[in-house]
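Dear colleague,

I am passing on the structure we talked about, together with some notes on what I found in it. Please have the sequence and the structure open while you read.

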Amino acid sequence: MTEPTSQAARPTPTDHSATIKASLKRRYRAETRFRWYGRIAIAFGLAAVLVLFVDIISKGHGAFKTTHIAVPVEYDLAQLGVRDLNDNQQLALADWDALFKSGLRELLPDVSGRSARRELYRMVSNGAGYDLKDRLQANPRLANQREQVWLSADDDIDTYFKGLLDGDPYTARVTEQQIEWIDELRSAGQIRTQWNRNFWTRGDSREPEQAGIWGAVMGSLFTLAITFALSFPIGVSAAIYLEEFAPRNRFTDFIEININNLAAVPSIIFGLLGLAIFINFFGVPRSIPILGGLVLTLMTLPTIIITSRAAIKAVPPSIREAALGMGASKHQVVLHHVLPLAMPGMLTGAIIGMAQALGETAPLLMIGMVAFIVDIPQAFTDPATVLPVQIFLWADSPERAFVEKTSAAIMVLLGFLIIMNTTAVWIRKRLERRW
Amino acid sequence: MAINNDRPIPTQSVGAQFHDNARMSMRDVNIFYGDKQAIFDVSLDIGQNEVMAMIGPSGCGKSTFLRSLNRMNDTIEGCRVVGDIAMDGQDLYDSKLDVVELRARVGMVFQKPNPFPKSIYDNVAYGPKIHGLAESRVDLDEIVESSLRKASLWNEVKDRLHQPGTGLSGGQQQRLCIARAIAVNPEVILMDEPCSALDPIATAKIEELIEELSENFTIAIVTHSMQQAARVSHRTAYFHLGRLIEVNPTEQVFTMPEHELTEGYITGRFG
């Protein structure tokens with residue numbers, strides 16, 4: 001039943017093309033301007049990232065190399081006072097430093113006088129004696145043999161020498177005499193930089209040349225393992241219940257609001273909560289990955305619940321209907337259809353939550369994970385520290401050599417974050433199904 | 001378009017509402033969405049091996065009514081069904097009746113083809129698997145093949161059973177959904193506008209299929225296409241604003257409708 005349209009009432013068409021043409025130019029200009037705003041914003045972001053990376057890499061790349069001095073060493077057991085290499089007491093009492101001291105004297109024979117010798121001995125790392133002990137223990141055939149060992153140099157020497165190679169030596173922490181010796185060693189080819197194994201294999205140390213990142217890496221891995229093991233199942237269960245089973249009423253609305261609020265709570269509050277609940281009430285020991293994991297779980301739960309719910313919501317209702325129509329029970333619908341389809345989104349959310357947790361420092365400061373820990377944690381119950389806290393500790397240390405360590409640790413942390421985010425993108429691309 | 005006020009909506013349905021060999025029988029069914037009533041006092045029988053078409057203008061409640069027959073309305077919050085709906089004499093809304101068992105007996109095909117994002121094989125095998133209908137892998141293979149054959153899809157997909165069902169064309173997907181529904185050997189199949197998302201050729205295939213299926217199954221189909229109702233159904237029910245206006249053998253409905261509202265609809269005066 002269409003209304004009859006009267007021909008007479010129709011107005012004569014006017015020619016708008018001139019007006020439109022005039023406005024076109026303005027519209028195109030506005031569009032170009034708008035496009036440029038976007039480009040400028042992206043350029044600004046990229047520039048910021050570039051500055052960050054250039055700065056960190058230029059500061060931190062030095063930490064991956066370290067200065068070593070070639071010292072002749074004779075493992076004279078008689079002089080060390082060691083008769084049995086398996087007797088730990090004898091090994092502990094022996095004067096291992098004497099090994100490299102005599103070697104250094106041999107290397108630079110004209111050094112005389114007590115203070116000059118002390119300066120000479122300070123050229124190599126404090127831990128060099130222990131390194132030699134470990135070397136002999138691992139290789140008993142070296143007993144009473146002579147060999148040339150590349151010992152790691154003291155951090156001040158290391159900083160000076162690396163600066164020297166770059167043409168900009170930092171002389172404030174080395175004496176004139178040491179500079180002369182370094183020149184002498186350099187012309188003899190007895191000093192060089194080499195790959196810094198300590199950095200990758202050791203825990204923290206007061207001596208920069210002995211300090212490594214591995215303790216913090218292991219601490220982070222243990223902590224994140226706990227965080228993932230707790231927050232993923234709990235978060236996903238909560239999300240499934242809220243999306244699929246919970247009735248819509250005031251109570252569930254209240255829960256939803258609180259989860260969203262929880263995601264916005266400053267992370268240090270979670271640290272205080274962990275301190276109050278886990279340490280003071282439940283008596284969990286401080287500084288251990290289990291505790292760190294528990295606190296970070298509290299922090300990442302809201303993120304995982306929110307992303308998981310979004311992933312569940314994105315599953316088309318037609319799939320649920322199809323399964324219900326086939327006589328699947330509610331839990332079969334969820335288990336067979338909703339979960340597999342939502343899993344990529346859930347995993348992506350979980351990984352992003354984990355990346356957040358990996359970079360988190362504040363809550364861990366509250367629960368004693370800021371401690372100076374030399375040993376590499378071997379279990380969930382060993383005292384540990386984590387990467388960002390290690391960065392914080394090194395940035396706070398007065399020794400100049402820690403500057404490059406700090407930047408290097410940041411590079412390691414960024415490396416892990418990039419790997420995790422790439423994995424998240426990859427999982428999403430890989431598992432994404434179309435329907 | 002609203003109808004004129006001088007044609008009041010009757011409270012009584014006309015025609016042959018009842019069937020001697022009724023598979024499903026509905027008596028005085030009222031359905032509510034919250035405070036809003038969608039279906040008023042509908043009484044209707046669907047006979048054994050009958051194809052019952054339900055037609056009517058948009059929003060007349062025919063889909064709501066269809067969905068109450070396997071309690072898919074349960075999933076909609078605030079939906080309430082009052083009245084008797086029985087299948088072989090058993091009350092479907094009895095608190096003792098298990099809805100999972102009911103849906104295994106009353107299958108459903110939806111408006112938009114909605115195969116699971118799994119392989120063709122797994123789509124068809126899903127029902128038998130969850131209900132434990134297949135004793136062995138061989139059994140399952142047999143069920144899948146026979147279901148696909150009954151849905152006249154076997155020849156098109158037999159070489160790619162393990163490819164995703166979502167990769168098929170729209171018409172094939174809908175036939176896959178039908179194969180999936182008949183794999184559990186239901187007694188009644190409900191179809192909610194099964195061809196509205198399909199092109200004419202795919203539609204023709206589905207219609208042919210419905211005719212074949214009616215030999216073994218009881219079918220209730222909601223459709224917007226009167227030609228389709230005329231082609232595939234034995235009886236046609238005309239719904240208007242939540243009321244069942246007329247039920248009669250299809251031929252009669254389309255040639256000499258008993259009620260003037262039905263006549264108005266099929267002659268295209270409103271819709």
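This is a predicted model: local features need pLDDT of at least 70, side-chain atom pairs count only at pLDDT 80 or more; totals for chains, interfaces and linings use all residues.

Residues are numbered from 1 along each chain as its sequence is written, chains are lettered from A and ligands numbered from 1 in the order written, and side-chain values use heavy atoms, without hydrogens and water.

Arg149(B) forms a salt bridge (a Lys or Arg side-chain nitrogen within 4 Å of an Asp or Glu carboxyl oxygen) with Glu145(B), and their closest N and O atoms are 2.7 Å apart. Both belong to helix H4 (residues 137–150) of chain B, and because they are 4 residues apart there, about one helical turn separates them; helices (H or I, at least four residues) and strands (E, at least two) are DSSP runs numbered from the N terminus. Glu145(B) is itself partly exposed, at 27%.

Elsewhere, Arg23(B), Asp88(B), Glu101(B), Arg105(B) and Glu187(B) are joined into one network by salt bridges that share partners. Another pair in chain B is Asp192(B) with Arg67(B), at 4.0 Å from N to O; since Asp192(B) lies in strand E8 (residues 188–192) and Arg67(B) in helix H1 (residues 62–68), this pair ties together parts that are 125 residues apart in sequence. Both of these residues, Asp192(B) and Arg67(B), are buried.

In chain A, the closest N and O atoms of the salt bridge between Arg173(A) and Asp156(A) are 3.4 Å apart. Asp156(A) sits in helix H7 and Arg173(A) in the loop between helix H7 (155–165) and H8, so the bridge links parts 17 residues apart in sequence. Arg173(A) is exposed, at 55%, whereas Asp156(A) is buried, at 14%. Over all chains, the count comes to 27 salt bridges.

Chain B has 10 helices and 11 strands, its C-alpha atoms fill a box of roughly 60 × 45 × 35 Å along the principal axes, and 55% of its 271 residues are buried.

Best wishes

How values were computed
Buried means under 20% relative accessible area, exposed over 50%, partly exposed in between (1.4 Å probe, protein chains only).
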